[in-house]
Amino acid sequence: MKLFGIELINFRCFAEKNFNFGDNLNIIFGPNAVGKTSLLEAVHVLGLTKSNRTNNDQDMIQNGKDYFLVKGFFNKGEISDTVLVCYSGKGKQVKRNNEIFRSLGEYIGFFNAVSFAPSDLITFFGASSKRRREFDMAFCQLSKQFLYWSTIYNRLLKERNVLLKTLSFDDNVKTKKLLEVIDQRLIEAGERVIQDRQRYLKQLNLILKRIHKQIAEQEELKINYHASCSLGNYDKSLKANFENDIKRGSTSVGPHRDNFVLTINDKDLCVYGSQGQQRNAVLSIKLALVELIYQTKGEYPILLLDDVFSELDKIRQNQLIKTLNKYVQTIITTATLSDIDKGLVNQAKLIELKEGGGYRDAK
Ligand SMILES: Nc1ncnc2c1ncn2[C@@H]1O[C@H](COP(=O)(O)OP(=O)(O)O)[C@@H](O)[C@H]1O
Ligand SMILES: [Mg+2]
């Protein structure tokens, strides 16, 4: 499936704009603050219904307006689809060919996107919660079942924490009974989340090993899953921590406390990695995700690379594009075209954004 066009209304700096994309490599170029990152963000929103830059959908509404609309035009052979994501202060709606989805979860997985921006380094090498969110979002694209169980888990966890807080100042028998019921369901959901994360990580690590060797020959990059309790033991761990959890007013073990640790040759990249190593590692992970989505779903996601090419030398740029299957639709952004290898520029569809909102298809 390819995204051949996009229409934006009241989205960030775009009041009303249409863009066309090519099937393979696309390069968006133009000076600072013309909307390159925003355009990639809009494509990301079409896939995941969420931004890769902000947790607050309101940020994407153009200042002074009360809604935004992103419309994507897709084709797959003879079949064409139109997807519309609309958000106003009241809520978000997703439609495919005029069919409204009752929940966003029903839609996720139709059009997959993998994004990489410089800010991902903060995500991957900052708090463990950010890495968790990042991997979970990727796994949600792979499997509706994972999306279902992780959503249920997070909902139950919130309910449990509310009850724990009440118990911490009122030892109520009824509340304790309710907690027992929630715990039974939490254990089931939690075990499923841990199991799926482990399964997908195993597959991802296999692909990653191959891909990262092409980027850095001497390095073995691995994603290690540090679970706060082992699979099959969530039940016991919850029980063992029960009194402690009441005192804290929150749940101390479970998938929401697990960590994804990135290592190179068994050394923690957070602690030992140079900036270059960290950037290459995240890039490799994103490329591996592209491949994993293909292996699982039989279709490549769109790859969105924001401002990363200019930091790679031209040999690396070419290597990167070669590691990608030629069927992967890719959009990259850059401030200056001269930073990109000529051969790549010649084969790409060029989209120039100009100051003051101008735009032209450069090829
Ligand atoms: N909600 C919004 N409403 C209006 N303008 C916005 C909004 N959010 C961001 N902008 C503006 O959009 C412009 C484009 O930003 P960005 O996409 O980051 O550009 P680029 O990646 O080309 O540097 C910036 O000037 C920014 O201030
Ligand atoms: Mg930018």
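Predicted model: local features only at pLDDT ≥ 70, side-chain atom pairs only at ≥ 80, totals over all residues.
Local features here need pLDDT of at least 70 and side-chain atom pairs count only at pLDDT 80 or more, while totals for chains, interfaces and linings use all residues. Residues are numbered from 1 along each chain as its sequence is written, and chains are lettered from A and ligands numbered from 1 in the order in which they are written.

The domain assignment gives domain 1 (1–112 + 300–363) and domain 2 (125–298), with bounds that come from an automatic or database domain assignment. Taken over C-alpha atoms, the centres of domain 1 and domain 2 are separated by 28 Å. Contact between the two involves 14 residues of domain 1 and 16 residues of domain 2, two residues being in contact if their C-beta atoms, placed from the backbone, lie within 7 Å. On the side of domain 1 that touches domain 2, eight residues are nonpolar, five polar and one charged. In this grouping Ala, Val, Leu, Ile, Met, Phe, Trp, Tyr, Cys and Pro count as nonpolar, Asp, Glu, Lys and Arg as charged, and the others, Gly among them, as polar.

Next come two helices. Helices (H or I, at least four residues) and strands (E, at least two) are DSSP runs, numbered from the N terminus. Helix H6 (residues 173–215) has 43 residues and reaches 59 Å from its first C-alpha to its last, close to the 63 Å expected; the expected span is 1.5 Å times one less than the number of residues. At Leu-208, H6 bends by about 30°, the bend being the angle between axes fitted to the seven residues ending there and the seven starting there. After H10 comes Gly-298, whose phi is positive, near 75°.

Asn-112 sits in the loop between helix H2 (104–107) and strand S8 (113–116). Asn-112 counts as buried because 23 other C-beta atoms lie within 10 Å; the cut-offs are 20 or more for buried, 12 or fewer for exposed and partly exposed in between, with C-beta atoms placed from the backbone. Leaving aside residues up to four places away in sequence, Asn-112 touches Gly-47, Gln-141, Ile-293, Lys-297 and Pro-301. The C-alpha atoms of Asn-112 and Leu-303 are separated by 8.9 Å, although the two are 191 residues apart along the chain.

Cys-140 belongs to helix H4 (residues 128–142) and is partly exposed, with 19 other C-beta atoms within 10 Å.

Of the 13 residues around ligand 1, Cys-13, Ala-33, Lys-36, Thr-37 and Ser-38 come nearest; a residue is near a molecule if its C-beta atom, placed from the backbone, lies within 6 Å of it. This shell divides into four nonpolar, six polar and three charged residues. Ala-33 lies in the loop between strand S3 (25–29) and helix H1 (36–48), and has a positive phi of about 65° although it is not a glycine. Ala-33 is exposed, with 11 other C-beta atoms within 10 Å.
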